[in-house]
Amino acid sequence: MEYLSANKITIVDLGTSKTVQKELDEDLVKENIGGAGITATLYEEYQDEDPIILGTGLLTGTLAPASALGLITAKNPLTGKVCHAPFTLYGGVELKYSGFDYVVIKGKSQKPVYLWIHDGVADVHDAKDVWGKDVWSSTETIRELMGDQLIQVLAIGKAGESESDFAHVCINYWASGDRWGFGQLFGQKKLKLVALRGMSLLEIADAEGFVRECKELLSTIKKGPFAGKKGIGELTAAIGEDIGKWLEPIIHRHLSCFNTPVPTNTFVFLDEDPKLLKESEKKEPGFLLSDIYGLLGFKKLGLSAADACALLKECAKYGIDAVAVSELSQKAGKKKPDEIKKFFSGLKGALESLGKGKFSPWCPKFGLPANEWDRRQAVAYIFGIHPIFALMSPELSEEKLIELANLGTGLGFTSEILDKVIADISK
Amino acid sequence: MAFKNSNMSLISTRDRLSYSPPIGIYTGSGASHSWLWFVQILDRMGFYNVHFVDEKDILSNALEPLHVLLMSGGDTFAIAESLGAEGSDQLRHFIEGGGLYIGTCAGAYLPLKSSMDFLNQFNFINVKISNISRRLSEPERPLVQKVACSSYGCDFVYHVVREEVVLEMANGYQANGKKEMIAPLYGGPAMLPSRDIEPIATYQGFTKRTKFLVEKELAQKTLVGNIAVAKKSMGKGHLYIFGPHFEHPHYPTCNLFLAEIIRKKQNGRLCPIQKDFYGHSVKGETLRNFLRDLKREVSNSRIAVSGMSDFTISWLIGNKYYEPEKIQVFLEVLWKRLTYLESGGDGAFDLRDPHGMISRLKGITDVLRKTKKGIDRGETTNGLAEDLFLNLKKVTSDLLTVYFSRKRMESIRSQA
Amino acid sequence: MGIKVDPEKCVSCMACELACGYHRDDGFALLSSCIMVTRGREKKDYSAVVLKEEENLVIARPEGLEIRKLGSTGEADQGREKEDASAKPLLLREPCDLCSDRGDGPLCLQFCPVNAISMD
């Protein structure tokens, strides 16, 4: 697989700590395009070994607008179905540039380990320095050990280590789109974290054509309805929840995921003047809000913005799904932050908000009918587009994405192929 | 941007592969990173019989089997001091015995006559330079003293421009009938006419890309009409002295000029490529593991240095500033060649010290990580950086030795 | 004339970095770009956009613009007055050339989704 690809898959056997590399078969890409199209196929191939598959979309890490998506494909421990969870920010692009298109993690380790994936090398390391630590300390430890603050880390905290039903895989210090309890799978495999870093180069079949098309798309998007909109507040407003006045006093800045035209994340300062422009002297002045329903869940409990965000920070450190925490806390009548925090360990119960489909309900429906939402998410997960932005941007039509895929790879994808891949992964 | 489409067809493939004189590149004390440019252009042009020598190697007769020695840029005084009188003797013996010495920038200053300590042990060429303060008038001296110079006893050697200069080629040295050549200058000498040398090119002028470090008039006075490239015969051999860096990879015409000198040196005599034998043949699973370990460690180092590469860190070592980007340059040269080595198929590699190589690379990664920690804590890391640069050169030349050895083996196979 | 970055508008998306990398390498890569978003202070939500020019480092910090001579260590500068004229270029992250070989101007400017980059 020559273009837009590292041309490699790594198979990691946690039982033996051995890793094997395979070429990414071009026929696999021709038939399944990328992202969830391929992770689902890989899952089937290795399903007897209960795998976790990490992957990226075909366009992830390119100049295609919003090409930020990385994904985790695994069996949802809560429903038993094979599902996909997104991780964005800089995680997707880093996986793409780490030298592997897909990572198959199979088996279980006897002792805690972590995966270090870098420049086409996959190593299994003893996790003695990080097991038992919260997500934030784990990320810091790995970055210090390897000497680079730009390493992206998919990590579990105590929730995952104790195999909680609601254990969440975090991205660095923040919530990812994992709403499936994939953290539990990591914990069951004694896999503390996956660290990603790479400096690859992706070749492009028709480079100037691809870049020209991306530029035109971006121009159109910049004139669209979401142009100029910023932050998580805009997203909640789009689903009828106005949190503007509630959140505004603690907002520091709005941030985009990789190459995503609209910043969908908001950084709040809890411990510092939000108007501060220079670097804060506080070690942990605040938190990055990337989880809409987690934030709304705590707001619903009547918490102040500062308390809600502080709790979200605690959820991220503990590596637990904030939506599950807020929903089950409400059911249990817990409304004070300290009570809720104590509730983390041993959190149990049935969730009403549990997603029913294949794609994480981290991404709001924005009023779309279920089948349309599903299709749009499938397209996003195949091509590697930010799932939330995919719903905001009709400019990133299926035709345009196919065109980009063909300019980038020269493989002649068609809408028929896309339809088939969507049907296959939606089964 | 790297030149991807340079036309190297002026040297035939057959000649490139068949004629491959043993070429040494100096990588020892005082050598900066521009010797990597020689590596890149030799690789690009198909000269694979490349070896790397430091001062210790030179003192241990390493020049004996070589036909060509390339001495690139860096700190001339440090080179001279590390080679010493014995190194100078070795060099003289090499050239007089028929060897070809090509010196650019610092490598050009080295053999020029000088009374300065350490340099006075060489004095192979009786020529004076124009870019020295004693040639300036009193009013002119302060104009350059603040800007760009390095001390030279009671005087100082000064530099008037950086980047491109235009050279006029002497008759008999014109490429494709063209009298002018553009070449990059970074501190190399401008030589005054002397009976001891044959001028090959003189400084003629400047281009839009020339960066003036002084007033244009003074730059013209210092350079124009003076000698940029010269040749001297010594015994059976020759020295070619280049002020500008003809080995800069973005100047293919200059690179070809160098290649022609190397090719002409042998008067067309074929020099069959010898098969190396370092005593440690590695193949199959062991080779794959070795390459994987190499890749792992180079990657770890690359990542550790990228953690420092936001342009805002530098170290003052000796008289020169070093940045993390300089470390990256070495690692990228290695990284690019690892891909070739990985695709090498099932053939065996002859290696001198595979475990030592991996262990030195691990050492580089460790030091990089320690340096990063130190920077984050606001500590001084100059000492760590200094050690690092020394070891980096050694590790790079070790791995490049493996690379070129592989290239030679492939050449032999393709000729068989 | 040069690139100007408005740090208040920047959303740290790295599109400029990738666009510049494409200009340098004719593929998608980040290693050679001369403009980069510093991301090492993630927990503190502090980042700047650093642009490498011929002689200067232009650091667009949220609190203001800093221009530093290349090779200088900023506050820790040891009173360095002279340039090292004999320093060889590193040929890795080469200084900004405003994408001069492209007819349509700097790519970073074209790919910034929030118009944080302009020509000075």
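**Figure 1. Cover over the buried residues of helix H7 in chain B.** In this predicted model, the buried residues of H7(B) are covered by elements that include strand E7 (161-169), strand E9 (198-206) and strand E10 (211-212) of chain B. Helix H7 of chain B spans residues 216-223, and its buried residues are Ala219(B), Thr222(B) and Leu223(B). They cover an arc of only 80° around the axis, which puts them on the same side of H7(B). An α-helix has 3.6 residues a turn, so residues three or four places apart point the same way. Just after H7(B) comes Gly225(B), which takes a positive phi of about 90°.

**Figure 2. Helices H9 and H10 of chain B.** Two packed helices are described by the angle between their axes and the distance between the axes. Helix H9 (residues 284-306) and helix H10 (residues 324-342) of chain B pack at an angle of about 155°, and their axes are 10 Å apart. Angles over 145 degrees count as roughly antiparallel, and H9(B) and H10(B) are therefore roughly antiparallel to each other. Their crossing is left-handed. On the H9(B) side, the contact is made by Leu291(B), Leu294(B), Lys295(B), Val298(B), Ser301(B), Arg302(B) and Val305(B). On the H10(B) side, the residues in contact include Pro324(B), Ile327(B), Leu331(B), Trp335(B) and Glu342(B). Sorted by class, the contact of H9(B) with H10(B) has 11 nonpolar, 2 polar and 3 charged residues.

**Figure 3. Helices H10 and H12 of chain A.** In chain A, helix H10 (residues 292-300) packs with helix H12 (residues 322-331) at an angle of about 20°, and the axes are 8 Å apart. Angles under 35 degrees count as roughly parallel, and H10(A) and H12(A) are therefore roughly parallel to each other. The crossing of H10(A) and H12(A) is left-handed. From H10(A), the residues Tyr293(A), Gly294(A), Gly297(A), Phe298(A) and Lys300(A) meet Ala322(A), Val323(A), Ser326(A), Glu327(A) and Gln330(A) in H12(A). By class, this contact of H10(A) with H12(A) has 4 nonpolar, 4 polar and 2 charged residues.

**Figure 4. Chain B as the setting for Figures 1 and 2.** The secondary structure of chain B comes to 12 helices and 16 strands. Of the 416 residues in chain B, 48% are buried. Among contacts in chain B between residues at least 6 apart in sequence, 80% join residues at least 24 apart.

Methods: Residues numbered from 1 in each chain as written. Chains lettered and ligands numbered in written order. Predicted model: local features only at pLDDT ≥ 70, side-chain atom pairs only at ≥ 80, totals over all residues. Axes fitted to C-alpha atoms, helices over the stretch in contact; angles between N-to-C directions. Helix = DSSP H or I, 4+ residues; strand = E, 2+ residues; numbered from the N terminus. Parallel < 35°, antiparallel > 145°, perpendicular 65-115°, else oblique. Left-handed = near helix turned anticlockwise from the far one by under 90°. Contact = placed C-beta atoms within 7 Å. Nonpolar A, V, L, I, M, F, W, Y, C, P; charged D, E, K, R; others polar. Buried ≥ 20, exposed ≤ 12 C-beta atoms within 10 Å, placed from the backbone. Arc of directions from axis to C-beta.
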